[in-house]
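Have the structure open while you read.

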Amino acid sequence: MATSLESSPTMTNDILIFAEQRNDKLHPAALQIVTPAKALAAKTGGQVVACVIGDTVDAAVGAIDRAGVQAIVTVRDAALANYSALRYRTALAAVIAKRQPRVVLLPATFMGRDLAPRVAARTQAGLATDVVELKIGEDGALDVRRPVYNGKAFCHVAFPKDRLAIASVRPNTFPAASGPGGAPRENLPYAATPGDERINIQEVARAGGEIKDVTEADVIVSGGRALKNEDNFRLLFELAKELDAAVGASRAACDAGYQPHSRQVGLTGKTVTPVLYIACGISGAIQHLAGMRGSKVIVAINTDKEAPIFKLADYGIVGDLFKVVPALTAEVRRLKG
Amino acid sequence: MKVLVIVRQVPDSTTNIKIRPDKQDIDRAGVKMVVNPFDEFAIEQAVQLREKRQDVTGVTALIVGPAAAGEALRTALAVGCDDGLHLQDPAFDALDELQLAALIATVVKGGGYDLILIGKQEIDLDSGQLGPALAELLDLPHVGAVVKFELAADGKSFVARRRIEGAEEVVQVNLPALVTADKGLCEMRYPSLPNLMKAKKKPVKVMKAADVPGWPAIAGHLGGTKLHTFQPPPERPPGKLLDGEPDQAAKELVRLLREEAKVI
Ligand SMILES: Cc1cc2nc3c(=O)[nH]c(=O)nc-3n(C[C@H](O)[C@H](O)[C@H](O)COP(=O)(O)OP(=O)(O)OC[C@H]3O[C@@H](n4cnc5c(N)ncnc54)[C@H](O)[C@@H]3O)c2cc1C
Ligand SMILES: Nc1ncnc2c1ncn2[C@@H]1O[C@H](COP(=O)(O)O)[C@@H](O)[C@H]1O
């Protein structure tokens, strides 16, 4: 049964999702946020509307269509080829003004987390970051759950009833949605706000070349101080290659120069939520756990059976990573044939 | 050129988080409060600009919070900020991040700040909303998660490197602007004891709700989310420790990851 939630005269019951793309490649998290959007729409009685912002976006539009959204709004313009917080907030706010959704969901990626607060301030909405559960509460307003204190607790966030509700959703929390496709499409022109051109992107430099970033990978092989030098990280890269994984590192390893800070996982590094996290020679300091405790399955390899990482690990091997990691690589390789 | 740094006070990252019996907040008794680590990077960047550049004439540190938050402000002053602005009123405690942004925007508007620096996010609520929202309300461009910052020789623009998934963006922006600091920008120096003593003599202006033009209407038209029902993280089932020779343990681990956990 649909709950009627009309509060502002123009507000619809629709759920708008921001389908993030770069270079016409849809971010995998965009397919995932359609899943909670459908559940919310079932409750409000509205539609799931996807918004794609960029220049050339045909492939991204096709991909989000196959997630089973009910309408797609694009804002296409050469000026939107690269992400700019100012231009994208103008475009997304214009889509919100046109479609009047009740709820807007974005992936809690670098782009989504950067964009959502600007859009929320501009549209005078309420906002919650990095949410893992969403529901329409008894009063008809959005209520979400999210990790706080670096995952050491969770809390709920209740939205005010009469306002647009915006939430960014933690990647890898929901399964990717699928559906029949063939959603109606609409394009809105990009009407620049004066001053939108103030952010001038000079260069987008891929870090680490061919290697996946920790925030994009389903599997992460991570190394700590125990690796002793940059050269030894080769062992982790070899295992990562077999598992199609990214390589991460502890702060101790990054501060010692074994790996760049762009690979640091933790409180002051990146927060990751992969399906599998393999910690090699990492003690499991609270600040490291802050960045990876949301991983689905955690493996620890450490010589010290008292290392705190074993308290969190689903599987542990008490042993020398210099022997265990090559054995793992060989075994994965053998099974792949 | 005037620089503003926004500082927040958060529980130390090693704090053992306990939830209050009524579940409406964490138990704050005896929790050690520190300067938010990401704000430390912002403070250090501001102070380095002040020291290296003739044209940077002042760095103001701003904090919103109870009297005890003055300690974080003093740390910022001891590191080298010139003066402090402390927004201190029980009425501010209930604001969410967007409303805090509206409060700060009202207070600093017209203050002539060319550059606003703030940490990428706070390590307590991890929301990362304040920087971009403040920029929006002040109609400033912002560059988020900056790992390198270089002010142009003429002091009119800067080039920043910011982190995104798998890549770094190089961005050029004219001042005035807002920058949020990420790990790698710079590590905050340790404030020395003499500097901590000197910091006590630096001017700190305290503002109450009554001193804020338009209060409370300015916070009434956006945000308004409420945190409730705090819970501990879900228990993880006890893990399995695999014994034996490395070869055997590795074989068994791969088998479990495929057949039991089904993740590879
Ligand atoms: C404000 C703040 C923010 C921080 N942010 C972060 C952050 O973002 N990320 C982060 O990681 N840390 C962070 N830290 C640092 C953190 O406290 C730890 O110092 C760091 O995580 C330790 O890294 P490590 O586990 O690699 O090193 P160690 O703690 O030295 O652990 C090395 C481990 O390797 C094991 N070992 C040694 N040899 C072998 C071998 N041959 N085979 C297998 N195991 C072996 C040892 O038993 C030990 O457990 C932060 C600290 C502070 C104060
Ligand atoms: N829990 C902690 N609290 C305060 N300082 C710490 C903590 N853990 C590590 N440090 C310090 O942070 C710096 C980097 O630590 P590490 O990452 O272990 O190299 C060193 O100066 C450590 O002494």
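This is a predicted model: local features need pLDDT of at least 70, side-chain atom pairs count only at pLDDT 80 or more; totals for chains, interfaces and linings use all residues.

A nonpolar core here is a set of buried Ala, Val, Leu, Ile, Met, Phe, Trp, Tyr and Cys residues joined through side-chain atoms within 4.5 Å. Buried means under 20% relative accessible area, with a 1.4 Å probe and protein chains only. Residues are numbered from 1 along each chain as its sequence is written, chains are lettered from A and ligands numbered from 1 in the order in which they are written, and side-chain values use heavy atoms, with hydrogens and water left out.

**The cores**

The largest nonpolar core has 112 residues, and A:L92, B:I43 and B:F158 touch the most other members. Helix α3 of chain B (residues 97-108) gives the most to this core, nine residues; helices are DSSP runs of H or I with at least four residues, strands are runs of E with at least two, and both are numbered from the N terminus. Take B:F158: leaving aside neighbours within four places in sequence, its contacts include B:V143, B:F149, B:L151 and B:V171 (contact means heavy atoms within 4.5 Å). There's also a second, separate core of 38 residues, with A:L239, B:A249, B:L257 and B:A261 among them.

**Ligand 1**

Of the 26 residues around ligand 1, A:R225, A:S250, A:S283, A:Q287 and A:N302 come nearest; a residue counts as near if one of its heavy atoms lies within 4 Å. That shell divides into nine nonpolar, 13 polar and four charged residues. In chain A, α6 (251-255), α7 (286-292), β17 (297-302) and α9 (321-336) each supply at least two shell residues.

The table lists polar contacts for both ligands, meaning pairs of N or O atoms within 3.5 Å.

| Side chain | Ligand atom | Distance |
|---|---|---|
| A:Q264 | ligand 1, oxygen | 2.7 Å |
| A:T268 | ligand 1, nitrogen | 2.7 Å |
| A:S283 | ligand 1, oxygen | 2.6 Å |
| A:R225 | ligand 2, oxygen | 3.1 Å |
| A:Q287 | ligand 2, nitrogen | 3.3 Å |

**Ligand 2**

Ligand 2 lies between chains A and B. The protein covers 36% of the 480 Å² of accessible area that ligand 2 has on its own, using the Shrake-Rupley method with a 1.4 Å probe. Around ligand 2 sit A:R225, A:R251, A:A252, A:Q287 and B:T14. By type, this shell splits into one nonpolar, two polar and two charged residues.

Technical notes
A polar contact is a pair of N or O atoms within 3.5 Å; within protein, one must be able to donate a hydrogen and the other to accept it, and residues adjacent in sequence count only if both atoms are side-chain atoms. Ala, Val, Leu, Ile, Met, Phe, Trp, Tyr, Cys and Pro count as nonpolar, Asp, Glu, Lys and Arg as charged, and the others, Gly among them, as polar. Buried means under 20% relative accessible area, exposed over 50%, partly exposed in between (1.4 Å probe, protein chains only).
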